[in-house]
Amino acid sequence: MFSRRFHKYIGLAMMVPMVGWAITGVVFFIKPGYAGAYEILNPKTYPLESDYSISMDDLWEEVRVIKSILGVHVLARSNGDYWNLNPGTLEPSEIPDKQRLKLLFEDAVSRNSARYGAIERIENLTAYTSTGIEVELNWDRLTFNQQGFDRKIIDSLYRIHYLQWTPWSAVNQLMGFVGLLLLMALMVFGVRIYFSGRGAVNNSCD
């Protein structure tokens with residue numbers, strides 16, 4: 001009786017998260033819309049002149065030279081920091097004005113106009129497109145991070161699946177821990193009910 005009562009109460013308590021796990025699990029298995037939502041957006045590059053060269057700095061741990069619609073960029077990494085350097089002076093390049101930034105954004109999103117549409121406005125280093133996509137530029141790395149409504153939905157499903165239901169990480173960790181304990185308890189009580197039922201059937205047969 002004790003096991004059955006607690007099994008029922010735990011089952012009721014876990015009903016909402018288990019429904020959430022089932023629904024989100026199906027989404028994670030099928031992965032609808034993942035390709036667009038998590039598409040890696042890179043700047044469009046152009047060929048460098050065959051005789052192009054730069055002076056290397058011994059402090060650089062990594063260096064790449066690429067050419068975008070804005071010109072040549074020397075992308076260097078040193079002591080964990082990234083730099084977008086002017087190829088002539090090897091000093092940090094200044095962030096372009098909005099007009100030139102728009103050229104860079106438009107050139108990048110032109111590869112997938114169906115998803116990104118047109119650039120409507122630029123605020124700081126973030127471009128907002130006609131299809132509702134936000135494209136953020138990391139100037140030092142010359143990389144983009146794009147996010148639309150589809151990605152926000154998928155990210156929300158991940159938070160539901162992993163019980164990240166509050167803005168506080170400590171509370172979320174506690175919820176996850178309690179959820180796992182309740183699952184274990186549900187299994188243990190279920191096994192006890194199963195074997196106690198088999199014992200009762202065997203006794204009745206005797």
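The buried residues of helix α6 pack against α2 (15-30), α3 (34-37) and β7 (143-147), where buried denotes a relative accessible area under 20%, exposed over 50% and partly exposed in between, with a 1.4 Å probe and protein chains only. The model is a predicted one, in which local features need pLDDT of at least 70 and side-chain atom pairs count only at pLDDT 80 or more, while totals for chains, interfaces and linings use all residues. Residues are numbered from 1 along each chain as its sequence is written, and side-chain values use heavy atoms, with hydrogens and water left out. Helices (H or I, at least four residues) and strands (E, at least two) are DSSP runs numbered from the N terminus, and contact is taken as heavy atoms within 4.5 Å.

In α6 the buried positions are Arg-151, Ile-154, Leu-157 and His-161. Seen down the axis of α6, these buried residues fall within an arc of 115°, so they line one face of the helix; the arc is that of the directions from the helix axis to the C-beta atoms. An α-helix has 3.6 residues a turn, so residues three or four places apart point the same way. The 13 residues of α6 (residues 149-161) should span 18 Å at 1.5 Å a residue, and the end C-alpha atoms are 18 Å apart, in agreement with that value; the expected span is 1.5 Å times one less than the number of residues in the helix. Leu-157, located in helix α6, is buried with a relative accessible area of 18%. Leaving aside its neighbours within four places in sequence, Leu-157 is in contact with Thr-24, Val-27 and Phe-28, and its C-alpha atom is separated by 8.6 Å from that of Gly-20, 137 residues apart along the chain. Just after α6, Leu-163 takes a positive phi of about 60°.

Four strands form an open sheet in the order β4-β5-β6-β7, with antiparallel pairing, two strands being paired if DSSP finds at least two bridges between them. Strands β4 and β7 stand at the edges, each with a single partner strand, so one side of each is left without a neighbour in the sheet. The twist averages 20° from one strand to the next, with axes fitted as lines to C-alpha atoms, for helices over the stretch in contact, and angles running from 0 to 180 degrees between N-to-C directions. Five bridges join β6 to β7, and the bridge partner of Val-135 in β7 is Gln-146. Helix α4 packs on the sheet, touching β4, β5 (126-129), β6 and β7, and its direction makes about 130° with that of β4. Helix α6 also packs on the sheet, touching β6 and β7, with its direction at about 75° to that of β7.

The largest nonpolar core has 19 residues, and those with the most contacts inside it are Leu-41, Leu-104, Phe-105, Val-135, Leu-137, Leu-142 and Phe-144; such a core is a set of buried Ala, Val, Leu, Ile, Met, Phe, Trp, Tyr and Cys residues joined through side-chain atoms within 4.5 Å. Two or more residues of this core come from each of α4 (98-109), β4 (119-123) and β6 (134-138), and α4 gives the most, with five residues. Apart from this core lies another, of six residues, among them Ile-10, Met-14, Leu-163 and Leu-186. In α4, Leu-101, Leu-104, Phe-105, Asp-107, Ala-108 and Val-109 are buried.
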